[in-house]
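Reader: I would like to learn how to read a single-chain model, feature by feature. Please give the general idea each time and then the case at hand.

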Amino acid sequence: MPFLGQDWRSPGWRWVKTEDGWKRFEPFGPALQGGNSQLNDISHTVILTGGDDDDEMYASEDCELAAKKRKKDHCRNNTDSQCFYRENWIYVHKESTRERHGYCTLGEAFNRLDFSSAIQDIRRFNYVVKLLQLIAKSQLTSLSGAAQKNYFNILDKIVRKVMEDHHNPRLIKDLLQDLSSTLCILIRGVGKSVLVGNINIWMCRLETIRLWQQQLKNLQMNKQVNNGLTLSDLPLHMLSNILHRFSDGWDIITLGQVTPTLYMLSEDRQLWKKLCQYHFAEKQFCRHLILSEKGHIDWKLMYFALQKYYPKKEQYGDTLHFCRHCSILFWKDSGHPCTASDPNTCLMPVSPQHFIDLFKF
């Protein structure tokens with residue numbers, strides 16, 4: 001039985017039609033191949049021009065090693081050589097089969113799925129940021145060198161996007177804070193933990209993170225001049241309805257700082273009570289009751305106390321999905337060709353934590 005790829009369930013290799021027929025797509029571009037050939041020519045020229053003396057022979061060997069090192073550095077530094085897959089769905093295999101040997105790791109899945117384009121979609125932005133934050137907290141050392149490089153490339157794109165459109169800077173600040181804390185611990189215990197790559201590379205990455213943090217700290221929101229209807233002109237019941245649609249307490253507090261009217265509405269006890277009931281169970285309330293001076297339950301303080309002990313309910317505009325029938329991980333609008341009789345029964349939304357758990361063997 002002929003196979004186009006490593007597995008008959010996978011998309012297979014990428015093929016390009018040429019004048020000589022169909023040829024398999026090579027990841028390295030012609031510019032990089034041209035640079036490699038020049039470096040090879042340098043090393044061959046040094047070897048051919050060497051004399052019979054031992055010194056010249058050793059010198060030619062040193063030059064050959066230097067040429068190989070330059071070639072390696074060229075591949076590392078060339079942005080075109082950062083070749084990562086941009087697939088909308090991948091096959092998640094956890095064990096070897098007759099058709100496929102090996103298994104899919106977290107780093108491989110992170111490299112192959114199209115997260116670079118996902119951060120440009122406002123529905124998926126928070127999902128990708130949360131996934132990066134969970135990886136920073138516990139899974140950074142499990143990523144391969146290529147996956148770590150891809151991780152910081154995506155993070156760089158996220159920071160640039162936030163600096164341009166001022167969208168959700170608080171989420172990125174929390175992400176960078178967790179990543180910075182993790183790197184400080186790993187660098188201090190470099191002999192006790194596994195860090196892929198040179199320690200100097202990680203020091204440079206830590207400095208880059210601190211630079212990003214400083215840029216976000218100095219971020220200034222431009223005041224928009226608008227002579228039309230503003231948020232303050234809306235009636236109280238509409239402003240209250242807007243606040244009740246927020247699922248994050250910090251967003252409510254931030255909006256309450258805009259005007260005195262919004263501050264009054266953001267301190268409503270019923271607002272914080274519904275927020276607690278949305279994220280947490282009643283059994284969790286009994287363990288962390290906080291009463292005010294008047295003897296009433298302080299739902300606002302309870303919300304921030306409960307989120308220290310229990311995870312909040314996650315809410316995303318779009319998430320990855322997993323097909324239990326095909327073992328395929330994909331974005332919902334990718335057009336995954338499920339072979340089940342009723343595809344809707346085998347689809348399962350994948351939270352950021354579940355994404356990580358899929359690759360724990």
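Reader: How many helices and strands does the secondary structure of the chain come to?

Author: This is a predicted model, so local features need pLDDT of at least 70 and side-chain atom pairs count only at pLDDT 80 or more, while totals for chains, interfaces and linings use all residues. Residues are numbered from 1 along each chain as its sequence is written, and side-chain values use heavy atoms, with hydrogens and water left out. Helices (H or I, at least four residues) and strands (E, at least two) are DSSP runs, numbered from the N terminus. The chain has 15 helices and six strands.

Reader: What share of the residues of the chain count as buried?

Author: Buried means under 20% relative accessible area, exposed means over 50%, and partly exposed is in between (1.4 Å probe, protein chains only). Of the 361 residues, 36% count as buried.

Reader: Among contacts between residues at least 6 apart in sequence, what percentage join residues at least 24 apart?

Author: A contact means heavy atoms within 4.5 Å. The figure for the chain is 64%.

Reader: Which residues have the most contacts inside the largest nonpolar core?

Author: In soluble globular proteins, nonpolar side chains tend to be buried together. A nonpolar core is a set of buried Ala, Val, Leu, Ile, Met, Phe, Trp, Tyr and Cys residues joined through side-chain atoms within 4.5 Å. The largest one here has 51 residues, and Phe-115, Tyr-151, Leu-329 and Phe-355 have the most contacts inside it. Helix H5 (residues 122-139) gives the largest share of this core, nine residues. Apart from this core lies another, of 19 residues, including Ile-253, Leu-271, Phe-285 and Leu-306.

Reader: Which residues does Tyr-151 touch, not counting residues up to four places away in sequence?

Author: Tyr-151 touches Phe-110, Leu-132, Ile-135, Ala-136, Leu-140, Leu-143, Leu-175 and Leu-179.

Reader: Where is Trp-331 placed, and is Trp-331 buried or exposed?

Author: Trp-331 sits in strand S5 (residues 328-331). Trp-331 counts as buried because its relative accessibility is 1%. Beyond neighbours within four places in sequence, Trp-331 is in contact with Asn-88, Asp-114, Phe-115, Ala-118, Arg-124, Tyr-127, Asp-318, Thr-319 and Leu-320. Trp-331 and Trp-89 are 242 residues apart in sequence, yet their C-alpha atoms are 6.6 Å apart in space.

Reader: How many residues of helix H14 are buried?

Author: H14 (residues 299-306) is mostly covered, with six of its eight residues buried. They are Trp-299, Met-302, Tyr-303, Phe-304, Ala-305 and Leu-306. H10, helix H12 (269-279) and helix H13 (282-287) are among what covers these buried residues.

Reader: What is the volume of the largest pocket?

Author: Rolling a probe the size of a water molecule over the atoms shows where empty space is left. On a 1 Å grid over the protein atoms alone, a pocket is an open set of points where a 1.4 Å probe fits, with protein on both sides within 12 Å along at least five of seven lines; lining residues have an atom within 4 Å of a point. Grid points are joined across faces, edges and corners, and a volume is the space filled by probe spheres set on the points. The volume of the largest pocket is about 1,100 Å³. Of its 31 lining residues, Lys-130, Leu-171, Asp-248, Lys-312 and Tyr-316 are the closest to its centre.

Reader: Which helix supplies the largest share of the lining of the largest pocket?

Author: H5 does, with eight residues. H5, helix H7 (169-188) and helix H10 (249-256) each supply at least two residues of this lining. By class, the lining divides into nine nonpolar, ten polar and twelve charged residues; Ala, Val, Leu, Ile, Met, Phe, Trp, Tyr, Cys and Pro count as nonpolar, Asp, Glu, Lys and Arg as charged, and the others, Gly among them, as polar. Domain 1 (104-220 + 316-358) and domain 2 (248-309) each give at least three residues to the lining, the bounds coming from an automatic or database domain assignment.

Reader: What is phi of His-166 near?

Author: Phi of His-166 is near 60 degrees, a positive value in a residue other than glycine. His-166 is in the loop between helix H6 (145-165) and H7. Asn-168, in the loop between H6 and H7, has a positive phi of about 55 degrees and is not a glycine.
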